[in-house]
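Please look through the model shown here before reading on. The paragraphs below follow an aromatic pair and then a strand.

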Amino acid sequence: MKLIDASKMHQKHPDTFSIPDPEEVRKISPGDFIKVCFTAGERAWVLIRERSGDTFRGTVDNACLSAGVAYGDSIELEVRHAYDILEGSPHSKKLVSIS
């Protein structure tokens, strides 16, 4: 399982590929969701369980078909992998940024 660097995608395509605002990224905490993209091209939400600086550990929060991970699997990711952010619980999802 390998993640695509969203910040590099934004650098290559700044007019068509947006990433979360750095201020919102600083606020990410356990219980929030980060959208990531795997090299297989599949995107998934990850429920953040722990944060240490720019590194997160969380669980995959939706079914994946080709990424080599499954719902509930624990993964580690970094700020640079964030395509989008959702604050809070799945029952009160507040969209913070749009990708």
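Helices (H or I, at least four residues) and strands (E, at least two) are DSSP runs, numbered from the N terminus. This is a predicted model, in which local features need pLDDT of at least 70 and side-chain atom pairs count only at pLDDT 80 or more, while totals for chains, interfaces and linings use all residues. Residues are numbered from 1 along each chain as its sequence is written, and side-chain values use heavy atoms, with hydrogens and water left out.

F17 lies in the loop between helix 1 (6-12) and helix 2 (22-26). F17 counts as buried because its relative accessibility is 12%; buried means under 20% relative accessible area, exposed over 50%, and partly exposed in between (1.4 Å probe, protein chains only). Leaving aside residues up to four places away in sequence, F17 touches A6, M9, H10, R43 and Y83, where contact means heavy atoms within 4.5 Å.

A pair of aromatic rings is described by the distance of the centres and the angle of the planes. Rings of Phe, Tyr and Trp (its six-membered ring) pair if their centres lie within 6.5 Å; planes under 30 degrees apart count as stacked, over 60 as edge-to-face and the rest as tilted. The structure holds 1 aromatic pair. The ring centres of F17 and Y83 are 5.1 Å apart and the planes stand at 80 degrees, so the pair is edge-to-face. The pair links distant parts of the chain, with Y83 in the loop between strand 4 (74-78) and strand 5 (84-87), 66 residues from F17. Y83 is buried, as is F17.
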